[in-house]
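Subject: Structure handover

Hello,

Here is the structure I promised you. Please open it beside this email and follow along.

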Amino acid sequence: MHCIDDIENNPCDQVINVTFPNGETVQAGINIRPYALDCLRKANETYQVVVFTASHKAYADVVLDHLDPDRSLIQYRLYRDHCIRTEEGIYIKDLRIITNRNLRDLIIVDNAVYSFGYQLDNGIPIIPFYDDKNDEELMHLIFYINCLANCQDVREQNRKAF
């Protein structure tokens, strides 16, 4: 998904209302990447799906509730406060926070490689999405995660692929 702050001048798939902990409510637009639901459904056949975002919980929950209203596709959610913030203000998603899984079994998909900088071999880089209705990245991702399903250690395959 891609968030749009200026919904007056930019088209979006859906407008959502986000209420922050301080009580402020803002409208934001979101564009949903093509094949997002297909990808989540396919991933759920083999994997436990966790969304690990550098977004604030107030925003992320509204977006994720829109995408997965019955919470059947995304089993867990991790937010900005679960990330490690560097001195430069960059948020890194350290997979070691998931203590009940071995790193050999974890993958993280992100358009910002630095996000999985602590576990590069677990990462699957994906190009950023803004609003291209012809985007097919998630179709490619479905194919790739199916290839990983039988690996003893996903990091070995990721090293070869990336």
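Buried residues make up 37% of the 162 residues in the protein chain. Keep in mind that this is a predicted model.

**Overall build**

The protein chain has 4 helices and 9 strands. Read from the N terminus, the order is β-β-β-α-β-α-β-β-β-β-β-α-α. The C-alpha atoms fill a box of roughly 45 × 35 × 30 Å along the principal axes. How does the radius of gyration fit a compact globule? A compact globule of 162 residues would have a value near 15 Å, and the protein chain has 16 Å, so the two agree.

**The cores**

In soluble globular proteins, nonpolar side chains tend to be buried together. Here the largest nonpolar core has 19 residues. Leu40, Ile74, Ile124, Leu138, Leu141, Ile145 and Leu148 touch the most other members. Helices H1 (36–46), H2 and H3 (137–148) each supply at least two residues of this core. H3 gives the largest share, with 6 residues. Take isoleucine 145 as an example. Beyond its neighbours within four places in sequence, isoleucine 145 is in contact with Ala43, Tyr47, Ile107 and Ile124. There is also a second, separate core of 9 residues. Phe52, Cys83, Leu95 and Phe116 are among its members.

**Aspartate 68**

Find aspartate 68 in the loop between helix H2 (57–67) and strand E5 (76–78). Aspartate 68 is buried, yet has no salt bridge. Which side chain of opposite charge is nearest to aspartate 68? That is arginine 77, at 5.2 Å. The side chain of aspartate 68 does have a polar atom 3.0 Å from the backbone nitrogen of serine 72. Leaving aside neighbours within four places in sequence, aspartate 68 is in contact with Leu73, Ile74 and Arg77. Ile74 is also one of the core residues that touch the most other members.

**Salt bridges**

How many salt bridges does the structure hold? There are 10. Three of them are worth a look.

- Glutamate 45 and lysine 42 meet at 2.9 Å, N to O. They are about one helical turn apart, because 3 residues separate them in helix H1. Glutamate 45 is exposed, at 57% relative accessibility. Lysine 42 is partly exposed, at 28%.
- Aspartate 65 and arginine 71 meet at 3.3 Å, N to O. Aspartate 65 has a relative accessible area of 31%, so it counts as partly exposed. Arginine 71 is partly exposed as well, at 48%.
- Aspartate 121 and arginine 159 meet at 2.8 Å, N to O. This pair links distant parts of the chain, 38 residues apart. Aspartate 121 is in the loop between E8 and strand E9 (123–125), and arginine 159 is in helix H4 (residues 154–161). Aspartate 121 is partly exposed at 29% relative accessibility. Arginine 159 is partly exposed too, with a relative accessible area of 47%.

Some salt bridges share partners. Lys57, Asp61, Asp65, Arg71 and Arg77 are joined into one network that way. Two of these names came up earlier. Asp65 pairs with Arg71, and Arg77 is in contact with aspartate 68.

**Arginine 96**

Last stop: arginine 96, in the loop between strand E7 (91–92) and strand E8 (108–110). Is arginine 96 buried or exposed? Its relative accessible area is 52%, so arginine 96 counts as exposed. The side chain of arginine 96 makes a polar contact with the side chain of aspartate 94, at 2.6 Å. Setting aside neighbours within four places in sequence, arginine 96 is in contact with Leu103, Tyr118 and Gln119. Tyrosine 118 is 22 residues away along the chain. The C-alpha atoms of arginine 96 and tyrosine 118 are 9.1 Å apart.

Best wishes

Methods. Residues numbered from 1 in each chain as written. Predicted model: local features only at pLDDT ≥ 70, side-chain atom pairs only at ≥ 80, totals over all residues. Heavy atoms only, no water. Buried < 20%, exposed > 50% of the residue type's maximum accessible area, 1.4 Å probe, protein only. Lys, Arg positive; Asp, Glu negative; His and termini not counted. Salt bridge = Lys/Arg side-chain N within 4 Å of Asp/Glu carboxyl O. Polar contact = N/O pair within 3.5 Å; in protein donor to acceptor, adjacent residues only side chain to side chain. Contact = heavy atoms within 4.5 Å. Core = buried A, V, L, I, M, F, W, Y, C linked by side-chain atoms within 4.5 Å. Rg over C-alpha atoms; globule rule 2.2 N^0.38 Å.
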